[in-house]
Amino acid sequence: MANIHVVRPGFYTTLQDTGRHGVAQYGVPQSGVMDSFSAGKANLLLNNDPNAAVLEILMTGPVLEFSSETYIAVCGAQFDILLNDQAISLAKRYRVQKGDVLKFGRLHKGLRAYLAVSGSFQTELVLGSRSQYPGITMAAKLEKGAFLAITDEVVTTKALSRVNFEDTQLWDPAIEAYPGPEFALLSTEEQQQLFERLFTLSSKSNRMAIPFKETFDNTLKGITTGPVLPGTVQLTPNGTLIALMRDCQVSGGYPRVLQLSAFGICQLAQKRPGEAIWFKRKALKS
Amino acid sequence: MHVKPSINRLGEQAILLQWDFKISPENLKFLLSIKKYIASNIVKHKVEITNTYNSILINYVISIESVYSDFERLKTLDFHNIPLEAVTSKLYRVPVCYDAEFGLDLELLAKEKSLTIDEVISLHTAPEYTLYFIGFLPGFLYLGGMHERLKMPRKSEPRASVLKGAVGIAENQTGIYPNSSPAGWQIIGNCPVALFDPKSEPPCPFASGDRIQFYSVSKLKYDEIQQEVQAGTYHLTSTHG
């Protein structure tokens, strides 16, 4: 079977698709790509199924060697990408041959890039998904020396496709958010503050949650443990705002003051620890 | 009882129904009946419906096509007059070994509560615990119904790691760690049954609404059950009720 050899795994590279659905009732996190906008774009460039598994590349990328020919596309964070030491572009389809080596260099903008291959990565499917998660998949992230199975058959389409997406909004520090279930319990002033103040991503940010450095003083009490989703923004009694991300638990006991939009999750996934953002209020039809 | 919930959308892809009632087995039964009603009468597309103590979450994971129309229907639903079907619940007997090897805080807890270790064990194995929902970690059961006398705060200094299957107490809750993990709970025993196995179908043998009763087993019996679990020949016993 065609595969990719992990020469170097990078800082924290994981296999992700759109995640696990139907198993939240067993306490299983949804997982899946943090920035579904960029991952979706990479799959679209290769005519893949939107649920095809891709590599989520964070900060320091991997070094990969291909065992057979395929097509690739990288979208999302702006890395220097080298195919056999030749610079290649983001958001473009490339043909690779057996023995080709793909390297990720300096990161210029954003945090997470997505590498799609023609078809999909064909790694282990657990509870309906290939997304890596500790205790669910054999490995929690890419490991040095691993061989990642990929689709054998290369679907050749006539011309090299190039998809032009307007992605300026992805880099916008204004993160789209809706008022959450406990938003109304905040005072009018606190409600305004929540959409006016700047919040800095903490260095403790990961795939489970992104806490913010600034404290937001509040008088909210804990709630009876209730459902949470990726994108739920919790406010702890000591004033820490925590945006839950794709690997978050299925329930939580802190007031849920905001809910990021689906696109807001993608925007936040591309921000680095130390970067400041603010929440931009969006309204849902109700 | 407040049968009318507050109904809100949670992002583009989910609807959250919340009641302000107390946590009780009766209210859980009501919640599960409503959940069943919504699954068969309201939603048309493939959704994922989960519940907690007082909430139901409808997650439109595959398609958000009908989220708005379903939301509208839920808002006008007469919750007082929904024909509620009883939801079946199973009663499981689950083994726990309370040996000193596993019950790291058993002696401390007994001393604190002026009970003998045997009394702690009999108080812990007496109730039929209600499984409200599974959360926190894959396979972590939120159980209700622990005896008041066993109530104990978390440890001031959490342990860096406890064994898979560790049975603990924190405040008025009892629970089992489905996997080895850091733990702040008072550990009183260990359960040899797998609470979460991603290779099994379903990955957790229990479901919201089930009842669980613990029974005490010797270390010898524990080892025997553990071997059966590993060989895949162990089966939990349950009765419908």
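This report describes a predicted model with chains A and B.

## Basis of the model

Residues are numbered from 1 along each chain as its sequence is written, chains are lettered from A, and ligands are numbered from 1, in the order in which they are written. Because the model is predicted, local features need pLDDT of at least 70 and side-chain atom pairs count only at pLDDT 80 or more, while totals for chains, interfaces and linings use all residues.

## Chain A overall

Chain A has three helices and 18 strands. Helices (H or I, at least four residues) and strands (E, at least two) are DSSP runs, numbered from the N terminus. The C-alpha atoms of chain A fill a box of roughly 60 × 40 × 35 Å along the principal axes.

Of the 286 residues in chain A, 49% are buried. A residue is buried if 20 or more other C-beta atoms lie within 10 Å of its own, exposed if 12 or fewer, and partly exposed in between; the C-beta atoms are placed from the backbone. Two residues are in contact if their C-beta atoms, placed from the backbone, lie within 7 Å.

## Domains of chain A

The domain assignment of chain A gives domain 1 (3-162) and domain 2 (172-281). Such bounds come from an automatic or database domain assignment. The C-alpha centres of the two domains of chain A lie 28 Å apart. Their contact takes 17 residues from domain 1 of chain A and 14 residues from domain 2 of chain A. On the domain 1 side, H1 and strand E8 (101-117) of chain A each supply at least two residues. By class, that side has seven nonpolar, eight polar and two charged residues. Here Ala, Val, Leu, Ile, Met, Phe, Trp, Tyr, Cys and Pro count as nonpolar, Asp, Glu, Lys and Arg as charged, and the others, Gly among them, as polar.

## Nonpolar core

In soluble globular proteins, nonpolar side chains tend to be buried together. The largest nonpolar core here has 138 residues. A nonpolar core is a set of buried Ala, Val, Leu, Ile, Met, Phe, Trp, Tyr and Cys residues joined through C-beta atoms within 7 Å. Ala42(A), Val54(A), Tyr114(A), Leu115(A) and Ala116(A) touch the most other members.

Take Ala116(A). Leaving aside residues up to four places away in sequence, Ala116(A) touches residues including Ala42(A), Leu46(A), Val54(A) and Ile72(A). Asn43(A) and Asn48(A) are also among its partners.

## Domains of chain B

Chain B is divided into domain 1 (6-81) and domain 2 (90-240). Their C-alpha centres lie 30 Å apart. Seven residues of domain 1 of chain B are in contact with six residues of domain 2 of chain B. Helix H1 (residues 25-42) of chain B gives the largest share of the domain 1 side, three residues. That side divides into five nonpolar, two polar and no charged residues.

The UniProt annotation "domain: Carboxyltransferase", from an unreviewed entry, covers residues 5-206 of chain B. UniProt positions are given in the numbering used here, feature names are shortened, and annotations may be inferred rather than shown by experiment. The end C-alpha atoms of this span lie 27 Å apart, and the span is 22% helix and 28% strand.

## Contact between the chains

The contact takes 29 residues from chain A and 35 residues from chain B. The chain A side divides into 14 nonpolar, 14 polar and one charged.

## Local features in loops

Where is the cis peptide bond of Pro202(B)? A cis peptide bond joins Glu201(B) and Pro202(B), with omega about -5°. Pro202(B) lies in the loop between strand E12 (186-190) and strand E13 (211-216) of chain B. Asp99(B) is in the loop between strand E5 (90-96) and helix H3 (106-112) of chain B. Asp99(B) is partly exposed, with 16 other C-beta atoms within 10 Å.

Asn47(A) is not glycine, yet its phi is positive, near 60°. Asn47(A) sits between helix H1 (36-45) and strand E3 (54-58) of chain A, in a loop. Asn47(A) counts as partly exposed because it has 14 C-beta neighbours inside 10 Å. Ser114(B) also has a positive phi, near 50°. Ser114(B) is in the loop between H3 and helix H4 (117-125) of chain B. With 8 other C-beta atoms within 10 Å, Ser114(B) is exposed.
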